[in-house]
Amino acid sequence: MTRHLALGTAGHVDHGKTTLVRALTGVDTDRLEEEKRRGISIVLGYARLPLGDDLDLSVVDVPGHERFVRTMVGGATGIDLALLCVAADDGVMPQTVEHLAILGLLGVRAGVVALTKADVADASRQAAVADEVRAALAGTPLADAPIVPVSAQAGTGLDELRTALREAAAAVPDRPATGVARLPVDRVFALHGIGTVVTGTLWSGTVASGDTLAIAPTGSAARVRSVEVHGVPVERAAAGSRVAVALVGAERDDVPTGAVLWGGQPATPSFRVDAEVTVLPEAAPLERGTLLEVLHGTAVAPARAIVLGADAIAAGATGLVQLRLERPLATLRGDRVVLRRLAPPGTVAGGRVLDPQPRRHAGGEADLARLALYRQDDPAAIARAALTTGALRAEDLAARGLLDADAAAAALAAQDGVVDLDGWHLSANRFAAIRTALRDRLEARRRDHPRDPGLPLEALLRPTPWRDALVDRLVAEGAVARAGATLRLPDAEAVEDTSVADAAVAALAAAPFATHRQADLVADLGLPADDGWAVLALLDRTGRVARLPDGLVVHRDAYDQAVAIVRAACAEHGDVTLAQLRDATASSRKVCQALLERMDADGITRRTGDTRVLRRGAASA
């Protein structure tokens with residue numbers, strides 16, 4: 001079975017990267033007229049390098065000029081091995097060093113150094129440059145990479161370079177055949193009769209005709225019409241391949257460069273990312289609040305770096321940052337990012353994403369502990385850390401970019417001390433803490449307000465997707481009792497002191513259709529405001545008073561009498577007017593209007609123009 005790996009070039013401008021790729025593959029990756037006129041690469045170029053039946057390399061040829069480092073990062077992100085080109089006549093140059101540093105920041109661990117233009121340097125010069133290169137490689141993942149002298153013009157050293165590439169590729173682990181398909185878009189165009197076509201290096205998973213791919217961060221989706229690998233139609237492209245995908249249902253503007261095509265549900269784009277980064281030895285310390293640009297795949301986003309747990313990260317050191325982005329990125333834990341300063345432009349640091357969707361924080365003790373667990377790459381530890389932020393489902397871990405769906409389900413199922421809330425997983429410690437805090441607040445409420453011992457749910461628990469499941473579990477366990485939107489302790493029935501309310505209710509009965517305000521009745525009770533309103537609500541529930549719209553209240557007998565008047569009028573005339581009720585009760589227009597609105601709310605009447613009619617079934621009620 002043929003292995004598909006991505007090979008990225010790297011090196012200073014005019015060190016022969018494109019010429020060497022053409023000699024190896026027969027493909028001129030400089031396709032633009034401007035590139036041919038200026039003699040330098042400006043955009044990414046691509047070619048296929050077959051190295052026998054069992055190995056196929058997708059070559060990504062990157063620009064070497066310092067003005068195009070963003071483009072270089074977009075091409076190098078996701079490659080499996082590197083081909084670092086150093087000209088034998090020039091030796092190690094600034095972009096040699098920067099590209100080598102970027103490869104390290106991106107996690108590239110395998111590669112070969114091509115000592116290009118070997119035909120213009122004698123043996124002693126070649127040896128001197130090889131020593132320079134070996135010194136530059138020291139301390140990097142490519143420290144032991146072979147150095148192969150080659151001349152694309154003379155055709156020498158090419159077979160030795162192919163052999164070295166095969167040996168380097170043998171040390172690269174296979175990409176998993178399963179997993180979410182992700183294709184960062186580095187080029188998009190429209191073809192007549194085909195439609196929108198995007199190209200990129202497939203990071204993971206596979207892509208086939210008929211697949212539906214989500215487009216992040218825009219949130220739209222498209223269907224795959226066809227797939228090509230280096231211009232050859234294929235049924236299915238594997239990770240590591242250079243692919244062109246024709247899309248149905250997406251216009252060119254729907255898939256900008258920097259977008260990522262996802263198989264299945266993409267991770268939710270976020271304006272914040274927590275990352276572990278290493279500052280380059282030659283860079284200035286990374287200080288809290290530094291303005292940078294974040295390079296992720298083919299996407300670029302300005303950001304402010306908030307150093308976590310320290311004021312700065314020293315040159316050559318590794319630390320934690322929260323990247324607060326101006327544009328959202330859809331990332332997964334473990335993705336590589338490169339940080340570049342804006343002015344003067346230059347690479348500062350890079351590393352890997354630990355939390356793709358963190359809350360806004362500045363590195364408190366709990367957040368640092370959580371990130372320490374995310375750093376372990378252990379699914380069980382990651383799930384345990386995520387549970388400290390609240391209840392989770394397996395799909396939430398996947399949507400947050402922390403674990404793939406299968407690993408998330410297995411990691412949650414393996415957790416000890418977890419409470420299942422109808423599919424939501426909550427740590428037993430967190431559940432117990434919520435239960436205790438809730439009961440303490442309700443106990444205090446019962447003690448301080450015995451006439452109204454309940455509290456609104458909104459005042460007790462912040463809204464979360466799992467709040468109702470949590471309350472249902474607490475009610476089922478007998479920890480709390482629920483009455484509508486109010487919670488109380490199960491044994492905390494409202495205490496009714498009837499002697500307090502009797503005088504106020506008697507005053508309502510003495511003038512049944514007078515204008516009585518609810519606030520006045522509450523004041524007459526002589527209780528604290530909360531208790532007074534609770535007693536009024538209780539009087540309404542027990543049928544002693546009837547609260548009306550517009551802040552009015554009447555004795556319940558008065559309301560029942562008004563209902564009887566309305567029913568009789570409707571039986572005789574088919575409807576009733578406000579004036580008829582006012583005359584029958586010798587009351588005010590304001591009180592009668594409130595009485596009729598209460599009857600509407602109770603389902604007794606329905607307004608039709610300036611009259612009321614009985615609702616179906618209300619006449620005999």
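1. In what follows, Ala, Val, Leu, Ile, Met, Phe, Trp, Tyr, Cys and Pro count as nonpolar, Asp, Glu, Lys and Arg as charged, and the others, Gly among them, as polar. The model is a predicted one, in which local features need pLDDT of at least 70 and side-chain atom pairs count only at pLDDT 80 or more, while totals for chains, interfaces and linings use all residues. Residues are numbered from 1 along each chain as its sequence is written, and side-chain values use heavy atoms, with hydrogens and water left out.

2. Overall form. The chain contains 19 helices and 34 strands; these are DSSP runs numbered from the N terminus, helices being H or I of at least four residues and strands E of at least two. The chain is more spread out than a compact globule, because its radius of gyration is 36 Å, well over the 25 Å that the globule rule gives for 621 residues. That radius is taken over C-alpha atoms, and the rule is 2.2 Å times the number of residues to the power 0.38. Along the principal axes, the C-alpha atoms fill a box of roughly 120 × 55 × 45 Å.

3. Of the 621 residues, 50% count as buried, where buried means under 20% relative accessible area, exposed over 50%, and partly exposed in between (1.4 Å probe, protein chains only). A contact means heavy atoms within 4.5 Å. Among contacts between residues at least 6 apart in sequence, 65% join residues at least 24 apart.

4. The largest pocket. A pocket is an open set of points on a 1 Å grid over the protein atoms alone, where a 1.4 Å probe fits and protein lies on both sides within 12 Å along at least five of seven lines; lining residues have an atom within 4 Å of a point. Grid points are joined across faces, edges and corners, and a volume is the space filled by probe spheres set on the points. The largest pocket holds about 1600 Å³ of space. Its lining comprises 45 residues, with R182, W203, S204, R333 and D335 the closest to its centre. By class, this lining has 20 nonpolar, 12 polar and 13 charged residues. Helix α9 gives the most to it, with 3 residues, and β16 (260-263), α9 and α10 each supply at least two.

5. The second largest pocket. Its volume is about 570 Å³. The lining has 21 residues, and T389, G390, L392, R400 and R462 lie nearest the centre. These lining residues divide into 9 nonpolar, 5 polar and 7 charged. Here α7 gives the most, with 5 residues.

6. Helix α8. In α8 (residues 379-386), the buried residues are A381, I382, A383, A385 and A386. They pack against α7 (365-374), α9 (394-399) and α10 (405-413).

7. An open sheet of 3 strands runs in the order β27-β29-β28 with antiparallel pairing. Its edge strands, β27 (455-456) and β28 (481-483), each pair on one side only. Two strands pair if DSSP finds at least two bridges between them; β27 and β29 (residues 486-488) pair over 2 bridges. L455 stands opposite L487 in β29.

8. Residue R22. This residue lies in helix α1 (residues 17-25). R22 is partly exposed, with a relative accessible area of 35%. Not counting residues up to four places away in sequence, R22 touches V27 and D28. The C-alpha atoms of R22 and A76, which are 54 residues apart along the chain, are separated by 19 Å.
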